[in-house]
Amino acid sequence: MSARYADSTFVPEAWVRLGDWYFDEVKSDSLRNAADAFARLYAFPEPPLYARAIYKLGWTHYRMDDFANAVTTALRQSAGKVPGWKLLDRSVSMAQMSLAHGCDEIDAACLGEIAKGLSVARIIY
């Protein structure tokens, strides 16, 4: 239906409601389906349900024990509250990598640890 009625103002709400349904379901793939549905709201940043969907997306990642993505989702939600400021994908990737490797700050030492963990000589940022 979202393809047939792509211009409908109800499309974002439909994705959020579907995400809520999957979020509460107890099947093996339900949280992955919930995350997919909530992530669809990145295409609709203006509707009033955007902040709720991104919050639920972070919560979904947390429930899947995907802590780096949970924090990244929280970062994206916070960035959206600052007028004219966007979190670049490159910044998100560095935040995820630093969290995954236990770095407190993204500095030369942290990048060195990440490079060792990835078995590469260096990371270009």
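This is a predicted model: local features need pLDDT of at least 70, side-chain atom pairs count only at pLDDT 80 or more; totals for chains, interfaces and linings use all residues.
The chain contains six helices and zero strands, and its elements follow one another in the pattern α-α-α-α-α-α. Of its 125 residues, 30% are buried. The accessible surface amounts to about 8,500 Å², and carbon and sulfur atoms account for 56% of that area. When contacts between residues at least 6 apart in sequence are considered, 38% of them join residues at least 24 apart.

In soluble globular proteins, nonpolar side chains tend to be buried together. In the present model, the largest nonpolar core comprises 15 residues, and Trp15, Val16, Phe23, Phe38, Leu41 and Ala53 have the most contacts inside it. At least two residues of this core come from each of helix H1 (11-24), helix H2 (30-39) and helix H3 (50-63). H2 provides the largest share, with five residues. Beyond residues up to four places away in sequence, Phe38 touches Val16, Gly19, Asp20 and Phe23, as well as Ala53, Ile54, Lys56, Leu57 and Thr60.

Helix H1 has 14 residues, which at 1.5 Å a residue should span 20 Å; the C-alpha atoms at its ends are 20 Å apart, in agreement with that value. The buried positions in H1 are Val11, Pro12, Trp15, Val16, Gly19, Asp20 and Phe23. These buried residues pack against H2 and H3. Gly19, which is located in H1, has a relative accessible area of 0% and is therefore buried. Apart from neighbours within four places in sequence, Gly19 is in contact with Ala34, Ala37 and Phe38. Gly19 and Ser30 are separated by 11 residues in sequence and by 9.0 Å in space, C-alpha to C-alpha.

Helix H3 also has 14 residues, and the distance from its first C-alpha to its last is 20 Å, close to the 20 Å expected at 1.5 Å a residue. Buried residues in H3 are Tyr50, Ala53, Ile54, Lys56, Leu57, Gly58, Thr60 and His61. Asp65, which follows H3, has a positive phi near 60 degrees.

A pair of aromatic rings is described by the distance of the centres and the angle of the planes. Four aromatic pairs are found in the whole structure. In one of them, the ring centres of Tyr42 and Tyr50 lie 6.4 Å apart and the planes meet at 65 degrees, so the pair is edge-to-face. Tyr42 is partly exposed, at 32% relative accessibility, whereas Tyr50 is buried, at 18%. For Tyr55 and Trp59, the centres are 6.0 Å apart and the planes are at 50 degrees, so this pair is tilted. Both residues, Tyr55 and Trp59, belong to helix H3 and are four residues apart, about one turn of the helix. Tyr55 is partly exposed, with a relative accessible area of 48%, and Trp59 is likewise partly exposed, at 39%.

Tyr55 and Trp59 form one aromatic cluster with Phe23. Phe23 is buried in H1, and Lys56 is buried in H3.

Notes
Residues are numbered from 1 along each chain as its sequence is written. Side-chain values use heavy atoms; hydrogens and water are left out. A nonpolar core is a set of buried Ala, Val, Leu, Ile, Met, Phe, Trp, Tyr and Cys residues joined through side-chain atoms within 4.5 Å. Buried means under 20% relative accessible area, exposed over 50%, partly exposed in between (1.4 Å probe, protein chains only). Contact means heavy atoms within 4.5 Å. Accessible areas come from the Shrake-Rupley method with a 1.4 Å probe; for residues, only the protein chains shown count as cover. The expected span of a helix is 1.5 Å times one less than its number of residues. Rings of Phe, Tyr and Trp (its six-membered ring) pair if their centres lie within 6.5 Å; planes under 30 degrees apart count as stacked, over 60 as edge-to-face and the rest as tilted.
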